[in-house]
Amino acid sequence: MCGIVGYIGPKRALPIVIDGLKRLEYRGYDSIGVLAYDQEKKEIYLEKQPGRVQEFIKTAQLDKKGGLAIGHTRWATHGLVTRENSHPHGDCQKKIFVVHNGIIENFQELKDALLKKGHVFVSQTDTEVVPHLIEERQKQGLPYREAIMQTLKDVRGSFALLIFNKEEPDLLVGTRFSSPLILGTNDQEFIFASDPTPIGLVTKNVLYLNDGDVAFVSEKGYELKSFLSEKVEAKRGVIDFTAGEADKGNFPDFMLKEIFEEPLALENTLRGRLLINEGKAKLGGLEPLEPRLREVNRVILVACGTASYAALAAEYFFEEYAEIPTEVDLGSEFRYRKPIIDNQTLFVAISQSGETADTLAAIKEAKTKGALTLGIVNVVGSTIARQVGAGIYSHAGPELAVASTKAFTTQIADLVLLMLFLARERKMSLVAGQEIMNELRKLPEKMRSVLLQADKIKALAEKYSVYKNFFYLGRKYGFPMALEGSLKLKECAYIHSEAYPSGEMKHGPIAIVDEDFPSIVLAPQDSVYEKVVSNIQEIKARKGKVIAVTTAGNQDLEKLVDDVIYIPQTLELLTPLLAIVPLHLFAYYLAKKLGRDVDRPRNLAKSVTVE
Ligand code: F6R
């Protein structure tokens, strides 16, 4: 949450930073702010305001000269959305400025102490203590760099910070602890950013800073130190996409583009991983772990939000095919339970961003207890990808809409691959493995055929946009898809919806059903189809409207329900990959009909780096 970007180099820095902020805006979009320094005139240009980048650039003076700039796009944690609370924040003398992503947990006690020493604060943010602490340490006689190091020891919490000092205008300092920060460099130019998307504006070569690293960067080069002032090295990497990929192309919104990319993302995640002859998945990162994976007798899948629904679908097929007891937990709950873990437990963290604080905290807990930890992660080089011992990259490509869509379908596919990897080492036959793989290969085309119905789904979404409440219902593999469809509708359209296993309706929720409370029911022709049809009957008997998602060729529901969406026939365990596509489209079109900002829904941010 919150995006930060900073540039130092021979080019004009401000336009690069603004471009970078456009790419980071999905991380927070309450307010935006920039600082640029004109080395010739020795002048600071500081501009910040509530609102989006697009509005900001109408008033900002983008022609400002200077090869150094920092910028911030905010998701408010401390203090209202006001100009004063927008970043960058400065010290009393307005010489030292910072942009920050994360939370300084002990800010109040630090602020109280600074207030007693006469510091004047202008915002309600936690961040503002940082420039004042550095200023205070300098007042006490510490040189600038040491003042920063001391400040980093004083603060507690999570942070990625960029620090600028007018007295040291050739230096940009970046540091991180439990919040992401990457440094890109082509040796002449340096760019810091919260994720790789802005880095691609300058270079593909990156340094993944570790927790506790402090990077002192000037046009001449960089120096990396730990908080203890020891020299450290960072892992080098090459980012795998260009800045151009972050464009909407011909689509009006990233969300729609990303839904339409679901088949391609699926192809990319399957590429090179299907060993059809052996009925096995080729997962290079897991091969060294094969002996240990053979010993695994329990699987725990941990994730948040949409990613946790991919995990719920996997719980069914891990138990059904790999025959390993499997449970799913939310990152935010996992470490507050007393999870029973030993070294035969396989812990799999699933995350698009690879930065979700709750999931990260769960990984730390699982590691402490001796579990074998793996990750299913989309963003290459992200913190989770580096924290887990090994894993599977999703290859969904950059996902910029706040609501996760194509990452979700790749997560399910990766979990199927992981299941095959484990199951073939156990009881699954070659034929059974091959059957699943052969069908997996056909799925991208089948998904494309669902997308061909986009106009029909749009018309349905518009027809149902008058309703204020929805149920999403499904059994077995349909249930996690109901949860996912419901979440998408809530977050994108701000419409109240609830998801239930359809069999649970009669235990209470059905009391709310009437003609104004439609249900979207996942009813593919699978092993629980008839039970789901009975649940549809129960809703219809109470005058509830029903949209059913069922298998192509099944005409039976036409007579029973109000509207039907058809998806191609596939193996039961792979149905979620097809059934979710119309629900993603439905939420998108309904949100558009209501005039919502689908890519940036209110109150949200994409990368949830606070607990
Ligand atoms: C919903 C959505 C969120 C994320 C959740 C986890 O559309 O995107 O629920 O799935 O915040 O994020 P990651 O996968 O980045 O860990």
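Domain bounds, as used throughout, come from an automatic or database domain assignment. For the protein chain this gives domain 1 (3–239), domain 2 (247–451) and domain 3 (453–599), and the centres of domain 1 and domain 3, taken over C-alpha atoms, are separated by 45 Å. This is a predicted model, in which local features need pLDDT of at least 70 and side-chain atom pairs count only at pLDDT 80 or more, while totals for chains, interfaces and linings use all residues. Residues are numbered from 1 along each chain as its sequence is written, and side-chain values use heavy atoms, with hydrogens and water left out.

**Overall fold**

- The protein chain has 20 helices and 26 strands, where helices (H or I, at least four residues) and strands (E, at least two) are DSSP runs numbered from the N terminus.
- The radius of gyration, taken over C-alpha atoms, is 25 Å, which agrees with the value near 25 Å of a compact globule with 611 residues, the globule rule being 2.2 Å times the number of residues to the power 0.38.
- Along the principal axes, the C-alpha atoms of the protein chain fill a box of roughly 80 × 55 × 40 Å.
- Of the 611 residues in the protein chain, 62% are buried, a class that means under 20% relative accessible area, with exposed over 50% and partly exposed in between (1.4 Å probe, protein chains only).

**Ligand site**

- There are 15 residues around the ligand, and Ser351, Gln352, Ser353, Thr356 and Glu491 come nearest; a residue is near a molecule if one of its heavy atoms lies within 4 Å of it.
- The shell around the ligand divides into six nonpolar, seven polar and two charged residues, and at least three residues are drawn from each of domain 2 (247–451) and domain 3 (453–599).
- Polar contacts are pairs of N or O atoms within 3.5 Å: an oxygen atom of the ligand is 2.6 Å from an N or O atom in the side chain of Ser353, a backbone N or O atom of Thr306 lies 3.1 Å from an oxygen atom of the ligand, and a polar backbone atom of Val402 is 3.4 Å from an oxygen atom of the ligand.
- On its own the ligand has 400 Å² of accessible area, of which the protein covers 91%, with areas computed by the Shrake-Rupley method and a 1.4 Å probe.
- Helix 10 (305–322) and helix 17 (478–493) are the elements that give two or more residues to this shell.

**A loop residue**

- Ala552 is found in the loop between strand 25 (546–551) and helix 19 (556–560), and is partly exposed, with a relative accessible area of 45%.
- From C-alpha to C-alpha, Ala552 and Ser351 are 32 Å apart in space, and they are 201 residues apart in sequence.

Key:
A polar contact is a pair of N or O atoms within 3.5 Å; within protein, one must be able to donate a hydrogen and the other to accept it, and residues adjacent in sequence count only if both atoms are side-chain atoms. Ala, Val, Leu, Ile, Met, Phe, Trp, Tyr, Cys and Pro count as nonpolar, Asp, Glu, Lys and Arg as charged, and the others, Gly among them, as polar.
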